[in-house]
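Please look through the sequence and the model below, and then work through the questions that follow, one at a time.

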Amino acid sequence: MPTLVRHITIDCRDAYRLGQFWAAVLDGALSDDDLPGDPEALVEAPGSAMLFISVPEAKSVKNRLHLDLQPQDRSRDEEVERILGLGATVVADHRAPDGKGWVTLADPEGNEFCVERSAAERASAGG
């Protein structure tokens, strides 16, 4: 059997709070034993698991690794608006007039991630 990625692990200031944000984004859930103030929080969602670990340092530079999200049951623009409503902020908007492109957002602790077009949007635009 090959080696598998068990978790994507992210250092953060408040593991529980950031875990709540990402659980909402991914329609996942925090582990039943994660509580406010815990030093780590595990979010399990369909196809992924993210582990948040509290560290004393704040984020200070651009991510070297980021997530690219592809909405499954809504458009890219609908997903961007939904995630902004959960507390994300826009870092850069790379949407093109022809409908292609993506939006770079930041979670409540400043970790960047991108929202791409859905598979349906890609198929209808030819790529």
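Q: In β4, which residue is the bridge partner of isoleucine 10?
A: This is a predicted model, in which local features need pLDDT of at least 70, side-chain atom pairs count only at pLDDT 80 or more, and totals for chains, interfaces and linings use all residues. Residues are numbered from 1 along each chain as its sequence is written, and side-chain values use heavy atoms, with hydrogens and water left out. Strand β1 (residues 8-12) and strand β4 (residues 48-54) run parallel and are joined by five bridges, where strands are DSSP runs of E of at least two residues, helices are runs of H or I of at least four, both numbered from the N terminus, and two strands pair if DSSP finds at least two bridges between them. The partner of isoleucine 10 in β4 is phenylalanine 52.

Q: Which residue in β4 is the bridge partner of alanine 41?
A: Strand β3 (residues 40-45) runs antiparallel to β4, and six bridges join them. The bridge partner of alanine 41 in β4 is phenylalanine 52.

Q: Which residue forms an aromatic pair with tryptophan 22 at 4.7 Å centre to centre?
A: Rings of Phe, Tyr and Trp (its six-membered ring) pair if their centres lie within 6.5 Å, with planes under 30 degrees apart counted as stacked, over 60 as edge-to-face and the rest as tilted. A search of the whole structure finds two such pairs. One of them is edge-to-face, joining phenylalanine 21 and tryptophan 22 at 5.5 Å with 90° between the planes. The pair at 4.7 Å, also edge-to-face with 65° between the planes, joins tryptophan 22 to phenylalanine 113.
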